[in-house]
Amino acid sequence: MNIPHADQSGEWKPSRWVFTAMLLALCSVGLLAWMHWVQTTALRQTTAYLGELRLARTDLAKGFMQASLGADPQSPFSQDTGMALLRQALRSFEASAARLDPADSEQAEQFASSIRSFGLLLQDWRGGTRQDQRLAVSLRVAHTGLEMRAAEVDALLQERIESLTAKARRTYVVSLLGSLLALSVILGIVLTAVRKERVALHERIRQGRALEDSEARFRDMFLKAPVAMAMADGAGRITAGNRSFEQLFGYTLDDVPDIATWWSLAFPDPGARSEAKSRWQEALDGARRAGREFDAGEFRVACKDGVERAVRISGIFLEEGVLSSFVDLTPLRLAETELRLWAQAFENAELGLAIVDARTNTMLAVNPAFARLRGYEPAEMVGLPVAELFAEDRRGQVREMIETLNASAHAVFESEHMARDGRRFPVLLDITVLRDEAGRPVNRVAYALDLTKRKEAEAALAAAQTAALEQQRQARIAALRQMEEARNARARAEEALAALRESEERLQLFVRYAPASLAMFDREMRYIAVSRRWLDDYRLGERDIMGVSHYEVFPEIGPEWKEIHRRGLDGEVVRKDEDRFERADGSSQWVRWEVRPWRSVRGDVGGIVIFTEDITRQKEAESDLVRAKEEAESANHAKSEFLANMSHEVRTPLNGIMGMLQLLQTTDPSSEQVECITLAVKSANRLTRLLADILDISSIEAGRLTVRTAEFSTSELRESVMELFSNTAREKGLDLTCRMAEGLPERVVGDETRVVQILGNLLGNALKFTPQGNVSLDMEPLPAREGEIRLRFTVTDTGIGIPEHNLDRLGTPFYQVDGSYTRAYQGAGLGLAITQRLVKLMGGSLQIKSAQARGTSIRVDLPFGVPGERSAALPSPAGLPTTGRSVRVLLAEDDKINQVATSALLRKMGHSVSVAENGRQVLELLAREEFDLILMDIQMPVMTGLEALKAIRTDPAHATFKDIPVVALTAHAMLGDRENFLEQGMDAYLSKPVGIRDLDSVITRLFSDS
């Protein structure tokens, strides 16, 4: 609240609060008088409304009487006069109803309703027969109701008049008392004000003297203040400036007598000057309107010595003018720029960086790369003890590392870190110790390089080299063993090469003490900052290169690098992951480098940062891995050629053996001969399965075996598997069962052939190794994701079981539990190895539980697709009926025994046969004779089967028989051979050794429509 005051002459003046109090008292009296006027006015209006209502009631009675009596022709009253009085009464009633108070809305609505009812009946009465007695009765009833409602409104208005009269009297009395009270209050206020004004007068005089002393002290403080200040009056003259002002800018009051001169000197650039003046004026106007001090913001001011400084200018309005203060922010902005650059480098570096408090051995800060590798967020690692990054068995090494660091300024350690989830990984720690002025360790800056990929690459390289040597040695011993080692060597080489490539992560900017080759330059390519590794890598030693041009330090830099530097200064990030340099000593060096611009506070490019990394050893390791991979691939190719030749050379004579045995079966042999022939056929079939297993394991390991998907029936799967092994179980006296659990889907989508192969291997082994008891197959559904079906197949036997120490090696090709010369069970040891690989290829899992002498249980879980629309099943060739037709067959076969065996089988089947020893003879025979079918061997002298096929299909000279069916009858049975021959134009494919049923099935299928 303002206090009473006196002017300089001592004359007393009443303050505003005295006048305010008097005004409030007068307003109170006026308010009471207004309330009395409002109530008296309402009383007068209500009285007038009551008079109008009573007049209308009189008109209603007169009009109704005249209108009723005037209907009689002998009556002296006029009916029209009565109707006019009734209409006038109704209008008055309507006006009275509209004026009623809203609080009486219910009575007003009832009154208005009576008025409307009477008005409607009155209209009907006027327009109808006036002698209508019923209408007259209704009109009298409505008149009576209207008169009653009017009487109620009359009583209501009378009651309101009495209430308003009482209120007006009370208001008059209150107004009179309020006026007397207001006069008393005004008199008290005036007497109190006079007394206080006298006291305030003496206080003002005392304060004036104190103000003069304060101004003297302020003037002294102004001149000696550590902050630059200046005073400008309203005319724009600079009237005062302290010593700090002159020291900051170098200008005296003689240099800047007014503000106009200040603008021209402090802002020589017209554009900057215009912007600065606009900002200053905007702040000045805002402060003047608000009546407060102001802060104009930060300006770039040119000093007398030509140097620009960042200055924050603020001011305050005084009676003498505007007092401005100038705070030099230049050192702060430079520090902020440098801090922001290093902070940006720290946060964006892909290298793990951490700062540790050397006194408490806890984390002060880590960058995202360091925290991410260990499973933390950067904020979570702040305050974390360093020991938490090491496993318990590494804590002793941590203490030794700390003791070493306390005694030195820099050290490099190879250790092992532990992530948040317990995972351990090798790291290379390059640590620099920061000390205070007394030499005590304060902080440690650590660069942590993850060595996981590098260690894996080095181990894989050594393993690949060893494997390659082992392959060369083993190639002379056993081809099958060489195949396994070659595959493993190639896989290890590929994994090592991929790991090495993944480990080549680009190193980026990081803090001052990061142990990487890093240098920062200004726009003139002068050194601003440089890392220790830069000095070491470029053999600069302890040379002081700060402020020296990069081109002066390295005068041999050519135009190509200068162009890269220019692109970086233009704001482009330039990098190269691999670059070869020829050193002065003749040696070669591979480096990875990056040139990145850095920006100032204003956002423009202030210079560039160059980062380099020596990757010579990585390139050498990569070259070694490539060589090892090539050697492994060469060995694997040799293995594949060997298997193909072996398969072909074994199948060809095997086909002759099988053919002869089948011919013998068609004769009338004795019982002893039947037994011998049966045993010989079983041995040949066993040898055929062995060849198929070897090719399967080779295809799986080479990654060439694919899984085909088609819809098939689980019931048919069960029947086919049981049909395969029911005879074997019967011969051994074993109980073979298959149980299909409830809920097993009838149809699924998958590779039925591979499922049969898996179950066949498992059931075959179970029957082989079970001398007595039973063998069972269980099929049941498992929970699965939407859109997928999972089935579990469990093969259980009561056989000899497997020793526990042999379980881990069962999946190894050619491994057998009993490897002695006296083993009771024959086999190559490939069945379970193929099964395990097929299950893995199909995305399933396999588990073995076994107890020696008690039996074995093998569980296979496989995923399948959900069938869509059911497609028609293809007819099985075995089920097609033969036509019984005699077919003219041209057999192309170069092996004499196969010629005899196959020809005899065909003739036994009722067909005629001609033989050609090569492809050229096939063409010659086709030109002379007519044939229905060609059985074509692939590998033949003079002209191969494929060359003959091409001539038949495409040569115009053989156009007459270009559509003849040609069936490939070949010992080429590697993965992909069948598809290749069919794609070349063969109509069907049969692999050697071929059975009589297979021949009949193909011939029947080809000629079933004839």
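Tutor: A helix, as the word is used here, is a DSSP run of H or I with at least four residues. The model before you is a predicted one.

Student: What makes a space in this structure a cavity, and how many are found at 30 Å³ or more?

Tutor: A cavity is a set of points where a 1.4 Å probe fits but cannot get out. The search of the whole structure finds one of 30 Å³ or more, and the volume of the largest cavity is about 200 Å³.

Student: Which residues lie nearest the centre of the largest cavity, and which elements give two or more residues to its lining?

Tutor: The lining has 17 residues, and Val 356, Val 386, Phe 390, Met 401 and Ile 431 lie nearest the centre. The elements giving two or more residues are β8 (352-357), α11 (395-407), β11 (424-435) and β12 (441-450). Helix α11 supplies four residues, the largest share of the lining.

Student: How do you know how the lining divides into nonpolar, polar and charged residues?

Tutor: Val, Phe, Met and Ile count as nonpolar, whereas Asp, Glu, Lys and Arg count as charged. Sorted in this way, the lining has 14 nonpolar residues, two polar ones and one charged.

Student: What is the order of the sheet that contains β8, β11 and β12, and why are β9 and β10 placed at its edges?

Tutor: The order of this open sheet of five strands is β9-β8-β12-β11-β10, with antiparallel pairing. Strands β9 (362-366) and β10 each have a single partner strand, so one side of each has no neighbour in the sheet. From one strand to the next, the twist averages 30°.

Student: What makes β10 and β11 a pair?

Tutor: Two strands pair if there are at least two bridges between them. Strands β10 and β11 have nine, in the antiparallel sense, and therefore meet the condition of at least two. Within this pairing, Ser 415 stands opposite Val 427 in β11. Helix α11 packs on this sheet, touching β10, β11 and β12, and its direction makes about 25° with that of β11.

Student: Why is the contact of Glu 414 with Lys 455 called a salt bridge?

Tutor: The term requires a side-chain nitrogen of Lys or Arg within 4 Å of a carboxyl oxygen of Asp or Glu. Glu 414 belongs to strand β10 (residues 410-418) and Lys 455 to helix α12 (residues 452-475), so the bridge ties together parts 41 residues apart in sequence. The structure holds 32 salt bridges.

Student: How do you know that β27 and β28 are paired, and in which sheet do they stand?

Tutor: Strand β27 (residues 933-936) is joined to strand β28 (residues 966-970) by three bridges, and the two run parallel; at least two are required, so they count as a pair. Ile 934 stands opposite Val 966 in β28. Both belong to an open sheet of five strands in the order β26-β25-β27-β28-β29, with parallel pairing. At its edges, β26 (912-916) and β29 (988-991) have a single partner strand each, so one side of each is left without a neighbour in the sheet.

Student: Which strands form a hairpin with five residues between them?

Tutor: Those strands are β16 and β17, and Gly 603 in the turn has a positive phi of about 95°. They pair in the antiparallel sense over nine bridges, one of which joins Pro 597 to Ile 608 in β17.

Technical notes:
Residues are numbered from 1 along each chain as its sequence is written. This is a predicted model: local features need pLDDT of at least 70, side-chain atom pairs count only at pLDDT 80 or more; totals for chains, interfaces and linings use all residues. Side-chain values use heavy atoms; hydrogens and water are left out. On a 1 Å grid over the protein atoms alone, a cavity is a set of points where a 1.4 Å probe fits but cannot get out, and a pocket is an open set with protein on both sides within 12 Å along at least five of seven lines; lining residues have an atom within 4 Å of a point. Grid points are joined across faces, edges and corners, and a volume is the space filled by probe spheres set on the points. Axes are lines fitted to C-alpha atoms, for helices over the stretch in contact, and angles run from 0 to 180 degrees between N-to-C directions. Contact means heavy atoms within 4.5 Å.
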